[in-house]
Amino acid sequence: MGKVSGKTHTKEQLDNWANQNNPNNKAYRANNNNHANQKNPNHKSHQAIHQGDRRHKQYYTPDWAPDYPEYDD
């Protein structure tokens, strides 16, 4: 974790950096949890869960369908 200087950054930037690197901050904990989940090979993302449902769904395809009549000009 690097240092941030008040000589090169504004008060708002210093506050933002402090919040992002504070273990008691909700955003800090969420970022760490997200990072841990991304590194876990057994973890599925929200999107992967729903894509898996779609990927293994059985679609009905009829064995026979009538031919369309051919129209002459």
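Guide: The model shown here is predicted. The mean pLDDT of the protein chain is 79, and 96% of its residues reach 70 or more. Within the chain, confidence is highest in H1, at 87, and lowest in helix H3 (residues 46-55), where the mean is 76.

Let us turn to helix H1, which covers residues 11-20 and contains both Lys11 and Asp15. These two residues are four apart, about one turn of the helix. Their side chains meet in a salt bridge, with 2.9 Å from N to O. The pair qualifies because a side-chain nitrogen of Lys must lie within 4 Å of a carboxyl oxygen of Asp, and the N to O value here is 2.9 Å. By this rule the count comes to one salt bridge.

The two partners may next be considered by their accessibility. Lys11 has a relative accessibility of 60% and therefore counts as exposed, since the cut-off for that class is over 50%. Asp15, with a relative accessible area of 33%, is partly exposed, because that class lies between the 20% limit for buried and the 50% limit for exposed.

Pro66 lies in the segment after H3, and at 55% relative accessibility Pro66 counts as exposed. The C-alpha atoms of Pro66 and Arg29 are separated by 60 Å, and these residues are 37 apart along the chain.

Conventions
Residues numbered from 1 in each chain as written. Predicted model: local features only at pLDDT ≥ 70, side-chain atom pairs only at ≥ 80, totals over all residues. Heavy atoms only, no water. Buried < 20%, exposed > 50% of the residue type's maximum accessible area, 1.4 Å probe, protein only. pLDDT = per-residue confidence, 0-100.
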